[in-house]
Amino acid sequence: MKESNRITQIFGIRYPIIQGGMAWCSGWRLASAVSNAGGLGLLGASTMHPEVLREHIRKMKAVTTKPWGVNIPLMYPEMETLVQIIIDEGVKIVFTSAGNPKTYTQRFHDAGIKVAHVVSSSKFAEKSESAGVDAIVAEGFEAGGHNGREETTTLALIPQVRKATRLPLIAAGGIASGEAILAMEALGAEGVQIGTLFALSRESSAADSFKEKCTSLKEGDTMLCLKKIAPTRMVKNALFQRLSQAENNGAEVEELRTILGKKAAKAGIFEGDTENGELEIGEIASSIHSINTVKEIMCQLLTEYQDTKKRILSCPEE
């Protein structure tokens, strides 16, 4: 893994590994642990009210001197307040998603903040470059939680985005090993964003029962759902089955919203209701079978990366 490339230089980090800013998982404990281990930790602001975000920002300042940032979905109802808190508190890095990057990029830049934007297609990568962002995260539909409607896999997406933009490129979706990091580099990415693996770490703020459920999953135990609202990858639990059946029966948006409820993700991920809560997690969870510390995860990723690179570059036996 290159310890000096455009991603490490832009964000001032040792390794081009970014922790996803995930709802109900990415609080100050997880983000600071990733940053202290040489990656880039992100606070997940999507489920934080303004006063909670300010609290987590201040806790980050108290526990790490390493670079870190905040992830914010641009469709958030209290966006103006969150943006002002981020600027007032002197945050240096922001990852934006789910909206038009033109809306706030210049304002962030005026405050000395680096901006990366998450996209699911080369078309939106081009729009992000026009908006002036500093880097792009291209996320394939293997990822957990909300996904792009294109349903393009990471393997197909990264080379297309690489051709579409000259900006520093971060790959996301289905990455949980050193081998996968090396593969993304081969396709043109200069860094990776990892969600599921860190969501299931000891420092993640997700409930233990959520982590235990997700580390027991097998291939095919997650699937995209809620396509009429916003495509979301979920574990196939009782809630998923109710939603899936309703979708198959032609349910409209309001009926699906009623079945889902207003606090389903909090109930599932943060409070640990593994049957009737919304369990958002990536496909790669089926390859994760233990709950480890961030330090252990980072060491494992780096070791796998180096070992795989040596194996590939070594001469075949005669």
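Predicted model: local features only at pLDDT ≥ 70, side-chain atom pairs only at ≥ 80, totals over all residues.
A residue is called buried here when its relative accessible area is under 20%, exposed when that area is over 50%, and partly exposed in between. By this criterion phenylalanine 11, with a relative accessible area of 3%, is buried.

**Aromatic pairs and a charge over a ring**

- Across the whole structure, a search finds three aromatic pairs; one of them joins phenylalanine 11 and phenylalanine 95, whose ring centres are 5.6 Å apart and whose planes stand at 40°, so that this pair is tilted.
- Because phenylalanine 11 belongs to helix 1 (residues 6-11) and phenylalanine 95 to strand 4 (residues 93-97), the pair ties together parts that are 84 residues apart in sequence; phenylalanine 95 is buried, with a relative accessible area of 0%.
- Tryptophan 24 and phenylalanine 270 also form a tilted pair, with ring centres 5.3 Å apart and planes at 35°, and this pair links the loop between strand 1 and helix 2 to helix 13 (residues 264-270), the two residues being 246 residues apart.
- Tryptophan 24 is buried at a relative accessible area of 19%, whereas phenylalanine 270, at 40% relative accessibility, counts as partly exposed.
- The charged end of arginine 233 sits over the ring of phenylalanine 141, at 5.2 Å from the ring centre.

- Eight strands with parallel pairing make up an open sheet in the order 1-9-8-6-5-4-3-2, in which strand 1 (17-19) and strand 2 (41-44) are the edge strands, each pairing on one side only.
- Strand 1 pairs with strand 9 (residues 191-194) in the parallel sense over three bridges, and glutamine 19 stands opposite isoleucine 194 in strand 9.
- Helix 2 (residues 28-36) packs on this sheet, where it touches strand 1, strand 2 and strand 3 (68-73), and its direction makes about 165° with that of strand 2.

- Strand 7 and strand 11 (residues 232-235) are joined by two bridges, and histidine 146 has threonine 232 as its bridge partner in strand 11.

**Lysine 59**

- Lysine 59 is placed in helix 3 (residues 50-63) and, at 32% relative accessibility, counts as partly exposed.
- The side chain of lysine 59 makes a polar contact of 3.0 Å with the side chain of glutamate 55, while the C-alpha atoms of lysine 59 and serine 32, which are 27 residues apart along the chain, are separated by 9.0 Å.

Technical notes:
Residues numbered from 1 in each chain as written. Heavy atoms only, no water. Pairing = 2+ DSSP bridges. Helix = DSSP H or I, 4+ residues; strand = E, 2+ residues; numbered from the N terminus. Buried < 20%, exposed > 50% of the residue type's maximum accessible area, 1.4 Å probe, protein only. Polar contact = N/O pair within 3.5 Å; in protein donor to acceptor, adjacent residues only side chain to side chain. Contact = heavy atoms within 4.5 Å. Axes fitted to C-alpha atoms, helices over the stretch in contact; angles between N-to-C directions. Phe/Tyr/Trp six-rings, centres within 6.5 Å; stacked < 30°, edge-to-face > 60°. Lys NZ or Arg CZ within 6 Å of the ring centre and 35° of its normal.
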